[in-house]
Amino acid sequence: MDLLRFTIFALAVLFVLWFSGGGPESGRVDDPFIEPPPPLGTGETYSIKKTGEKTTDTPPVNVAIESTFKNEVSFYGKGAARLTDPTREYIEIRAPRGNTQPVQITGWTVKSAVTGKSATIGKGVYLPVLGKVNPEQPISLSPGGKAYVVTGGSPKGYSFRLNTCTGYFEEFQDFAPKLPLECPYPKNENIPTGPNGATDACLDYLGGLKRCSAHTARLPPSFANDPLCQEFVAERIHYNGCVDTHKNEADFYSTEWRVFVGRSEELWKESRETILLLDEKGKTVDSVSY
């Protein structure tokens with residue numbers, strides 16, 4: 001009988017200790033996260049809770065991290081993002097003049113925060129030469145530089161940096177926005193003059209030619225006995241000839257790039273859109289909404 005009483009008493013003590021320790025909730029291991037944390041840089045949040053704490057009582061903790069390139073590159077307006085033709089749909093990004101060094105944008109992404117559509121900025125050609133295979137390299141924006149990021153494919157087959165002579169590209173192909181027509185005038189291309197130089201007829205002929213217009217037609221019959229004029233026009237009045245003449249000049253290169261992502265369909269909505277510019281780590285550099 002004494003043994004039975006002792007056993008009942010011991011069980012009662014154990015029950016009291018078990019109940020005071022949390023009863024059926026004791027031994028439960030709480031997951032410290034309400035849900036797996038989202039990728040950094042997305043702007044999403046997750047909540048942290050203490051053991052035994054209800055998730056509804058814990059405020060969210062913001063873990064979004066801005067790109068280290070924020071304020072070094074930014075959107076400039078919304079460009080022509082509303083257009084539906086991918087060859088004419090583009091956005092413009094710029095690097096402030098106050099930057100101390102170029103910023104490489106190859107590997108960055110432009111992305112719709114609404115639809116999730118995105119495109120990655122690839123490499124480009126620093127100095128295009130027609131009729132040759134042009135090596136591509138990472139694209140960098142110089143201080144004060146800009147890039148038009150076009151949704152469609154490039155009429156040249158590659159992205160490229162503008163220079164004094166790229167206005168010649170506009171003659172036979174269509175770019176959006178249009179390329180600046182800043183080529184030297186043919187009459188200013190320093191044809192030799194003097195007793196053995198260009199004739200007055202040749203100088204007059206050059207004076208009538210437009211800038212950024214390759215001369216593909218035959219010279220008039222009156223120039224049949226003017227080999228200097230014929231040779232000058234054939235070798236100098238076109239894109240490659242312009243490059244050969246001016247590529248070593250200090251102001252030859254522009255700070256503007258034309259970047260093509262090669263999509264066949266539009267990337268951006270016509271309205272109620274937010275476009276993100278993400279660095280190569282997926283962190284937000286800038287955004288624009290309309």
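Predicted model: local features only at pLDDT ≥ 70, side-chain atom pairs only at ≥ 80, totals over all residues.
Residues are numbered from 1 along each chain as its sequence is written, and side-chain values use heavy atoms, leaving out hydrogens and water.

**View 1. Five strands make an open sheet in the order β3-β4-β9-β11-β10.** Strands here are DSSP runs of E with at least two residues, helices are runs of H or I with at least four, and both are numbered from the N terminus. Two strands pair if DSSP finds at least two bridges between them. The pairing in this sheet is mixed. Because β3 and β10 stand at the edges with a single partner strand each, one side of each has no neighbour in the sheet.

**View 2. Strand β4 (residues 90–94) pairs with β3 and with β9.** With β3 (residues 74–75) the sense is antiparallel, over two bridges: S74 stands opposite R94, and F75 has I93 as its bridge partner. Five bridges join β4 to β9 (residues 146–150), also antiparallel, and here Y90 faces V150. Four of the five residues of β4 are buried, where buried means under 20% relative accessible area, exposed over 50%, and partly exposed in between (1.4 Å probe, protein chains only).

**View 3. Salt bridges: the structure holds six.** A salt bridge is a side-chain nitrogen of Lys or Arg within 4 Å of a carboxyl oxygen of Asp or Glu. One of them joins R94 and E92 (2.6 Å, N to O); R94 is partly exposed at 27% relative accessibility, whereas E92 is buried at 7%. Another joins K146 and E256 (3.9 Å, N to O). This pair links β9 to β11 (residues 253–260), 110 residues apart in the chain, and both residues are buried.

**View 4. K178 and E170 meet in a salt bridge (3.8 Å, N to O).** K178 is exposed, with 60% relative accessible area, but E170 is buried, with 13%. Salt bridges with shared partners join R88, E170, D174 and K178 into one network.

**View 5. Helix α5 (residues 239–246) has Y239, G241, C242, V243 and H246 as its buried residues.** Their cover includes β10 (160–163), α2 (169–172) and α4 (227–236). Leaving aside neighbours within four places in sequence, C165 is in contact (heavy atoms within 4.5 Å) with C183, Y239, C242, V243 and F252.
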